[in-house]
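Morning, everyone. Please have the sequence and the model open. I'll take you through the charged pairs and then the sheet.

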Amino acid sequence: MKKIEHIGIAVKDLKQSNLIFEKLFGAPAYKEESVESEGVNTSFFMNGPNKIELLEATSPDSPIAKFLEKKGEGIHHIAFEVEDIVSEIARLKNEGFIVLNEIPKKGADNKLVSFLHPKSTNGVLIELCQEIKK
């Protein structure tokens, strides 16, 4: 793993939360995007070298909706940038981690993504991210 790519925060109202984080960072979101496969609308903020992703559910059965129902707003996941997501998935699976999706899928911000189950990572949902090369 190269670095923390971003921290994902589950929010009930993306527009309202964008205003809060815009005030916090002194700059608007640099990107907003919908990821239909995950049932989520996202916005991204930069703070120095750090990236924050806000996630709002678009359907009541989406993972974010279920998270909000169970835990409320707050940190949802920590994403790590990887060079080769397929080999990293294999390595982590070999190490005993529970991989939620062994085949990477397209996520927000031009990334291939895969998740590790919180049961195998001390209660923290871990996202692996690899830039999609064009």
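Which residues are linked in a network of salt bridges? They are E5, K31, E33, K51, D109, K111 and E131. Keep in mind that this is a predicted model. The count of salt bridges comes to 13. I'll go through three of them.

Start with K111 and E5. They form a salt bridge, and their closest N and O atoms are 3.4 Å apart. K111 sits in strand β7, residues 111-116, and E5 in strand β1, residues 3-11, so this pair ties together parts that are 106 residues apart in sequence. Are these two buried or exposed? K111 has 6% relative accessibility, so K111 counts as buried. E5 has 8%, so E5 counts as buried too. The cut-off for buried is under 20%.

Next pair: D109 and K31. Their side chains meet in a salt bridge at 2.9 Å, N to O. D109 is in the loop between β6 and β7, while K31 is in strand β2, residues 31-35, so the pair ties together parts that are 78 residues apart in sequence. D109 is buried, with a relative accessible area of 10%. K31 is partly exposed, at 27%. Both D109 and K31 belong to the network I opened with.

K105 lies in strand β6, and E38 lies in the loop between β2 and β3, so parts 67 residues apart in sequence are tied together. K105 is partly exposed, with a relative accessible area of 30%. E38 is partly exposed as well, at 21%.

Now the sheet. What is the order of its strands? It is an open sheet of 8 strands, and the order runs β2-β3-β4-β1-β5-β8-β7-β6. The pairing is mixed. Which strands are at the edges? β2 and β6, and each pairs on one side only.

Look at one strand pair in detail. β3 and strand β4, residues 50-57, pair in the antiparallel sense over 8 bridges. In that pairing, F44 stands opposite E53 in β4.

Technical notes
Residues are numbered from 1 along each chain as its sequence is written. This is a predicted model: local features need pLDDT of at least 70, side-chain atom pairs count only at pLDDT 80 or more; totals for chains, interfaces and linings use all residues. Side-chain values use heavy atoms; hydrogens and water are left out. A salt bridge is a side-chain nitrogen of Lys or Arg within 4 Å of a carboxyl oxygen of Asp or Glu. Helices (H or I, at least four residues) and strands (E, at least two) are DSSP runs, numbered from the N terminus. Buried means under 20% relative accessible area, exposed over 50%, partly exposed in between (1.4 Å probe, protein chains only). Two strands pair if DSSP finds at least two bridges between them.
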